[in-house]
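Let's take a walk through this fold together, from its overall division down to individual residue pairs. Have the sequence and the 3D view at hand as you read.

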Amino acid sequence: MHDIDNDTNILTEAILRYSRDRLRMDPPSLDAPCPPEELEAKAGQTITADGLGGEQALRLFTDILAPACISIDHPKFLAFVPAAPTEAATLFDLVVGASSICASSWLESAGAIYAENQALRWIADLAGFPSEAGGVFVSGGTAGNLSALVAARHRWRKESPEHRRTRGLVISSKGAHASIKQATHVLDADLLEVGGHRLTGEDIEVALSELATDDRARLFAIACTAGTTNLGIVDDMQAIGSICQREHLWMHVDGAYGGGGLAAPSVREEFNGVELADSFIVDPHKWLFAPFDCCALIYRDPSIAREAHRQHGEYLEVFYDGIWNASDYAHHLSRRARGLPLWFSLATHGTSAYTTAVEQTITVARAAGSLIEAHPHLELVTAQQLSICVFRRVGWSVQDYHDWSDKMLEAGDAFVTPTKFEGETVLRFCVVNPRTTIDHIKEILATL
Ligand SMILES: Cc1ncc(COP(=O)(O)O)c(C=O)c1O
């Protein structure tokens, strides 16, 4: 398996050819999932004692498995939060895979961590964080939110040792992502969801005034959202940040989706107050054009995160006097240098190209908002926010929404899924792909 022979050479060419061709598809075919029986019938048992050989295994992927995966970079994939990695970033992902880097410690991977830290610094500067801020790239927003709240709980218990066994409490908005609730579940803490769609300072003041003394003592963090997944709403971080400072509460900002908007001057003001956060996440695999999986997790004071997350062991002692051990800043040890594709693309194109690309998606989302308002059968259900539009098709039942969505996917035309707004089934566009054009939006709207 580890020898390089003629088969290996043929396979190398085939894989590089496939990767190049897939990257150049504009647009890629949308593709769609299929039932397990269909995959079973087509692919059968793929792992055997003697192996299929690389060429056949690759054919299984290209002809059967890949077409059963939706292409998230298709310009009419507007469901959930899509992704649109730059070609430079995806190509460099191949390089990262080929380079066998374990990006845990400075000892093992100084060069990779140096470059990742420059990409993190760009994001920290966009957010207005101090020069000592720093962190690490983790797999996604879910991992980032959890690791940040672990650090928050560590500070609380360190400063109040009497709470070593107390169950903690976190406050968030009702629009916060499910991963915040999941993080509190993993931490065995409670979550108090307050306010409306946008968390305001007043919501926090009211919540604090209504907390029983014991509960106030258990409260260790406020989790704000900078761009809710469903509606694109940015919480009032300025007001919440001041309260967190006054009350000595950890302010965490989940910008997994919306954080990319920091690069866009036209919406930057909405993020004012993010600079007050103790921890902040943004997923470059969402709106900053990196391939999966990539979440930037940044702490105002990384020393607290280091205390919370560093793993100790005899064989790890050689790590500890390292300059910056990426493994110290989240719940992980071995790690892929997953920030490098973003770094390479930033180094290649420069940060202005990112500003242009994020603004382009916002322009298309705004145009989509206007087209929806002008459409005889459609109504926006909230104002268009960041790069999201949420709207109803007047007269449609819940089933109509699902049928339409399924039909569009089956036809290989577009992927737009229903969501809910205050209990009502509606539709939602999330535009993060600079290849999504106003004409693509018009084509979708024409089917409604
Ligand atoms: C605001 C927000 N937070 C967290 C997440 C979870 O991110 P991930 O899927 O990368 O774990 C998402 C995903 O869409 C999100 O939009």
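## Overall division

Please keep in mind that this is a predicted model. The protein is divided into three parts: domain 1 covers 6-30 + 33-69, domain 2 covers 93-349, and domain 3 covers 351-445. Between the centres of domain 1 and domain 2, taken over C-alpha atoms, the separation is 36 Å.

## The seven-stranded sheet

Let's begin with an open sheet of seven strands, whose pairing is mixed and whose order reads β1-β7-β6-β5-β4-β2-β3. Its edges are β1 (134-138) and β3; each has a single partner strand, so one side of each is left without a neighbour in the sheet. From one strand to the next, the twist averages 20°.

Two of the pairings can be followed at residue level. Strand β2 (residues 169-173) and strand β3 (residues 190-194) run parallel and are joined by five bridges. Here you will find Ser 172 opposite Glu 193 of β3. Strand β5 (residues 250-254) also pairs in the parallel sense, with strand β6 (residues 279-282), over three bridges. In that pairing, Val 253 has Phe 280 of β6 as its bridge partner.

When you trace side chains along these strands, a general rule is handy: in a regular strand they alternate between the two faces of the sheet.

## Helices around this sheet

Helix α7 lies across β2, β3, β4 (219-225) and β5, and runs at about 150° to β3. Helix α8 (residues 201-210) packs on the sheet as well, where it touches β2, β3 and β4, and its direction makes about 130° with that of β3.

α7 has a helical partner too. Helix α6 (residues 141-159) packs with α7 at an angle of about 45°, and their axes are 9 Å apart. The two helices are therefore oblique to each other, and their crossing is right-handed.

## The four-stranded sheet

Now for another open sheet, this one of four strands in the order β8-β9-β11-β10, with antiparallel pairing. β8 (378-380) and β10 (418-421) stand at the edges; since each has a single partner strand, one side of each is left without a neighbour in the sheet. The twist here averages 45° from one strand to the next.

What joins β10 to strand β11 (residues 424-430)? They pair in the antiparallel sense over four bridges, and Lys 420 stands opposite Thr 425 in β11.

## Helices α14 and α16

Helix α14 lies across β8, β9 (388-393) and β11, running at about 15° to β9. This helix, residues 351-374, also packs with helix α16 (residues 438-445) at an angle of about 30°, with the axes 9 Å apart. The crossing in which α14 passes α16 is right-handed.

Which residues meet between these two helices? On the α14 side they are Val 364, Ala 367, Ala 368 and Leu 371, and on the α16 side Ile 438, Ile 441, Lys 442 and Leu 445.

Terms used. Residues are numbered from 1 along each chain as its sequence is written. This is a predicted model: local features need pLDDT of at least 70, side-chain atom pairs count only at pLDDT 80 or more; totals for chains, interfaces and linings use all residues. Two strands pair if DSSP finds at least two bridges between them. Domain bounds come from an automatic or database domain assignment. Axes are lines fitted to C-alpha atoms, for helices over the stretch in contact, and angles run from 0 to 180 degrees between N-to-C directions. Angles under 35 degrees count as roughly parallel, over 145 as roughly antiparallel, 65 to 115 as roughly perpendicular and the rest as oblique. A crossing is left-handed if the near helix is turned anticlockwise from the far one by less than a right angle, and right-handed if clockwise. Two residues are in contact if their C-beta atoms, placed from the backbone, lie within 7 Å.
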